[in-house]
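Let's take a walk through this structure together. Please have the sequence and the 3D view open as you read.

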Amino acid sequence: MGILGWILIGLFAGIIAKMLMPGKDPGGIIITILIGIAGGLLGGWLGKVIFGVDSIDGFFEISTWIAAIVGSLILLGVFRLFRRSTR
């Protein structure tokens, strides 16, 4: 999958993660994309380590999207905790 695919998955995974975890978050669309891209990578890595599966198969694979969304939720939660502790 190319960099454009990761950016698109990151955008949508970050938006879905924000919809699943409502609340006020600092940062705009750029932070959402970055959290989504990093979340996709984190989710794929966790899927490989924990379940022993290759969860990053392709753009249209459901496992790729689930891994990206779960990873984005984890990173969004960590981001929120970090932002609250610095205030």
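Predicted model: local features only at pLDDT ≥ 70, side-chain atom pairs only at ≥ 80, totals over all residues.

Residues are numbered from 1 along each chain as its sequence is written, and side-chain values use heavy atoms, with hydrogens and water left out.

Let's begin with the fold. The protein has three helices and zero strands, giving the pattern α-α-α along the sequence. Helices here are DSSP runs of H or I with at least four residues, strands are E runs of at least two, and both are numbered from the N terminus. Of the contacts (heavy atoms within 4.5 Å) between residues at least 6 apart in sequence, 68% join residues at least 24 apart.

Now look inside. Of the 87 residues, 33% are buried; buried means under 20% relative accessible area, exposed means over 50%, and partly exposed is in between, with a 1.4 Å probe and protein chains only. The largest nonpolar core has five residues: Ile-9, Ala-13, Trp-65, Ala-68 and Ile-69. Such a core is a set of buried Ala, Val, Leu, Ile, Met, Phe, Trp, Tyr and Cys residues joined through side-chain atoms within 4.5 Å. H1 and H3 each supply at least two residues of this core, and H3 gives the most, with three.

Ser-72 sits in helix H3 (residues 62-85) and counts as buried because its relative accessibility is 0%. Leaving aside residues up to four places away in sequence, Ser-72 touches Ala-13, Gly-14, Ala-17, Ile-35, Gly-36, Gly-39 and Gly-40.

How many aromatic pairs are there? The count is one, using rings of Phe, Tyr and Trp (its six-membered ring) with centres within 6.5 Å; planes under 30 degrees apart count as stacked, over 60 as edge-to-face and the rest as tilted. Phe-12 and Trp-65 form a tilted pair, 6.3 Å centre to centre with 45 degrees between the planes. Phe-12 lies in helix H1 and Trp-65 in helix H3, so the pair ties together parts 53 residues apart in sequence.

Phe-12 is partly exposed because its relative accessibility is 40%. Leu-8, in helix H1 (residues 3-20), is partly exposed too, because its relative accessible area is 34%.
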